[in-house]
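This report goes through a single protein chain, moving between individual residues and the elements that surround them. Please keep the sequence and the coordinates at hand while reading.

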Amino acid sequence: MYIPASYRETDRTVLLDFLAAHPLGVLVSGTSGGERGLYATHLPLHVDRERGVLQGHLARANPHVGHLAALASGERVLAIFSGADAYITPTWYPSKQEHGKVVPTWNFSAVHVHGAVTLHDDPSFLLAHLHRLTDTHEATQPKAWAVDDAPADFIAQQMRAIVGIEIAIDVLEGKFKMSQNRSHADIDGVIAGLGASGAAPDVVADMIARKPVR
């Protein structure tokens, strides 16, 4: 990923926090068979900080399972995670009035994870994974659902239809493009413009947090 220095984030804790807060990733790998290409699957991925891995599962019917199984030992996959984003109009820049040398852009945040992938068919792995994934995302519900709320034979049937995956977190790349390359006046203009529109409060919060100290 192309990351200018002003947008680069290297703090591992910050990046892992981002993955936990934005768990829906895009898993990308090469394809197997005669015609080489790329294959992508959107799926929630759970961060295991202690072991340094991402865990998820794919439908067994998904062709991606076969593509991943055919990867050479140690070959890496890419998982892409996106955060808040917003269109930035140059009319918010005070510098537009000064010299007019401004153009539109887009503010966004993204983290890429590179690592080798392992497939898991073991029911004990799958059950533990489903408990972790469900417990994490049900934690904010007023009346949380648990895997054990469903009949055991039904859960066993569902598990036969999925394959677990585990991605070793070898490389973490973080890009937080929040107007850090602009003057303080232009940054404040964007914050004010976005704030007035009410369209992207998360971008406003990220811009305030990442406003450069000059």
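Pro104 sits in the loop that runs between helix H3 (94–98) and E7, in what is a predicted model. With a relative accessible area of 44%, Pro104 is partly exposed, because that value falls between the 20% below which a residue counts as buried and the 50% above which a residue counts as exposed.

Once neighbours within four places in sequence are left aside, the residues in contact with Pro104 are Tyr87, Ile88 and Pro90. Ala72, by contrast, is 32 residues away from Pro104 along the chain, and the C-alpha atoms of the two are separated by 43 Å.

## The protein as a whole

The protein has 214 residues, of which 44% count as buried, and its secondary structure consists of seven helices and nine strands.

In H1 the buried residues are Leu15, Leu16, Phe18 and Leu19. Around the helix axis these residues cover an arc of only 150°, and they are therefore on the same side of H1. In general, an α-helix has 3.6 residues a turn, so residues three or four places apart point the same way. The partners against which the buried residues of H1 pack are strand E1 (8–9), strand E4 (46–48), strand E5 (53–59), strand E6 (76–88), strand E7 (105–120) and strand E9 (171–177).

Ala20 also belongs to helix H1, which covers residues 12–21, but its relative accessibility is 45%, so Ala20 counts as partly exposed. Apart from neighbours within four places in sequence, Ala20 is in contact with Val47 and Arg49. Ile165 is 145 residues from Ala20 in sequence, and the C-alpha to C-alpha distance between these two residues is 17 Å.

Gly66 is part of helix H2, made up of residues 64–69, and counts as partly exposed at 38% relative accessibility. Between Gly66 and Ser32 there are 34 residues of separation along the chain, while their C-alpha atoms are separated by 7.5 Å.

Leu71 lies in the loop between H2 and E6. Is Leu71 buried or exposed? Leu71 counts as buried, because its relative accessibility is 15% and the limit for a buried residue is under 20%. Leu71 touches Val77 and Val117 when residues up to four places away in sequence are not counted, whereas the C-alpha atom of Phe176, which is 105 residues from Leu71 along the chain, is separated from that of Leu71 by 31 Å.

## Ser179, between E9 and H6

In the loop between E9 and H6 lies Ser179, a residue with a positive phi of about 65° although it is not a glycine. Ser179 is buried, since its relative accessible area is 2%.

## The packing of H6 and H7

Two packed helices are described by the angle between their axes and the distance between the axes. For helix H6 (residues 184–197) and helix H7 (residues 201–209), the angle is about 160° and the axes are 9 Å apart. This angle makes H6 roughly antiparallel to H7, because angles over 145 degrees count as roughly antiparallel. The crossing in which H6 passes H7 is left-handed.

Which residues make the contact between H6 and H7? On the side of H6 they are Ile187, Val190, Ile191, Leu194 and Gly195, and on the side of H7 they are Val203, Val204, Met207 and Ile208.

Conventions. Residues are numbered from 1 along each chain as its sequence is written. This is a predicted model: local features need pLDDT of at least 70, side-chain atom pairs count only at pLDDT 80 or more; totals for chains, interfaces and linings use all residues. Side-chain values use heavy atoms; hydrogens and water are left out. Helices (H or I, at least four residues) and strands (E, at least two) are DSSP runs, numbered from the N terminus. Buried means under 20% relative accessible area, exposed over 50%, partly exposed in between (1.4 Å probe, protein chains only). Contact means heavy atoms within 4.5 Å. Axes are lines fitted to C-alpha atoms, for helices over the stretch in contact, and angles run from 0 to 180 degrees between N-to-C directions. Angles under 35 degrees count as roughly parallel, over 145 as roughly antiparallel, 65 to 115 as roughly perpendicular and the rest as oblique. A crossing is left-handed if the near helix is turned anticlockwise from the far one by less than a right angle, and right-handed if clockwise. The arc is that of the directions from the helix axis to the C-beta atoms.
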